[in-house]
Amino acid sequence: IWCDKVKEISGKEHVFAEFLYGIKMTWKQALIKHMGEENGPILAAMLLGEKSEMDAEVKELYQKTGIGHLLAISGLHISFIGMGLYKLLRRGGLGYLLAGILSLMTVSIYVFMLGFSVSVIRAYIMLILRIGADMAGRHYDMVTAWILSAAVVIGIEPLYLTDAGFWLSYGAIFGILFVLPALGKCFFGASLAVNIALFPIL
């Protein structure tokens, strides 16, 4: 459905959500201004999940060449930002607790700004458990985190079991956890393992 304008007839404004949306739009306009009309929207899609101003033909080219996933906000974004900031703060001399709190707060704001897609929720929960294990002085078990995040996602919305995004996101982690070890020291092992795991789903 395409509309010319939206008129609010009831309800209250979510101040925090509107504030984050304003930041998101400001970032998007800054990317378009500094990176140009062609590259700006592509970067906005990759970093902010905002595809509204992206050229339809460029988007189709990404999909046809099999790299359309680059335009989607994935777990890689969350883990890269979260763990990157956490390790940076730890190297800067902060303790496990303070570094963990600051990095998780930053990632939480980013997640709320992006919206809660399946891959984002999965990565967010797994990151909380990863950093939380460090903060508590416990061992992080990726399989447990993977299963627990799936249980939370399905608990929130059971219909995610029929969603392709759910199977692709959790299937990719399945490949890393269970297929990759079977491949041994294979060149491009991680990429191959993920593709093997996702092939039946695709």
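In the protein chain of this predicted model, 53% of the contacts between residues at least 6 apart in sequence join residues that are at least 24 apart.

With regard to overall dimensions, the C-alpha trace of the protein chain spans about 55 × 40 × 35 Å along its principal axes. The protein chain has 202 residues, of which 33% count as buried, and its accessible surface comes to about 13,300 Å², with 67% of that area belonging to carbon and sulfur atoms.

The burial pattern can be followed in more detail in helix α8, which comprises residues 189-198 and in which Gly 189, Ala 193, Val 194, Ala 197 and Leu 198 are buried. When α8 is seen down its axis, the buried residues fall within an arc of 160 degrees, and they therefore line one face of the helix. An α-helix has 3.6 residues a turn, so residues three or four places apart point the same way. The cover over the buried residues of α8 includes helix α7, which is formed by residues 164-183.

Key
Residues numbered from 1 in each chain as written. Predicted model: local features only at pLDDT ≥ 70, side-chain atom pairs only at ≥ 80, totals over all residues. Heavy atoms only, no water. Buried < 20%, exposed > 50% of the residue type's maximum accessible area, 1.4 Å probe, protein only. Contact = heavy atoms within 4.5 Å. Areas by Shrake-Rupley, 256 points an atom, 1.4 Å probe, with all protein chains shown as cover. Helix = DSSP H or I, 4+ residues; strand = E, 2+ residues; numbered from the N terminus. Arc of directions from axis to C-beta.
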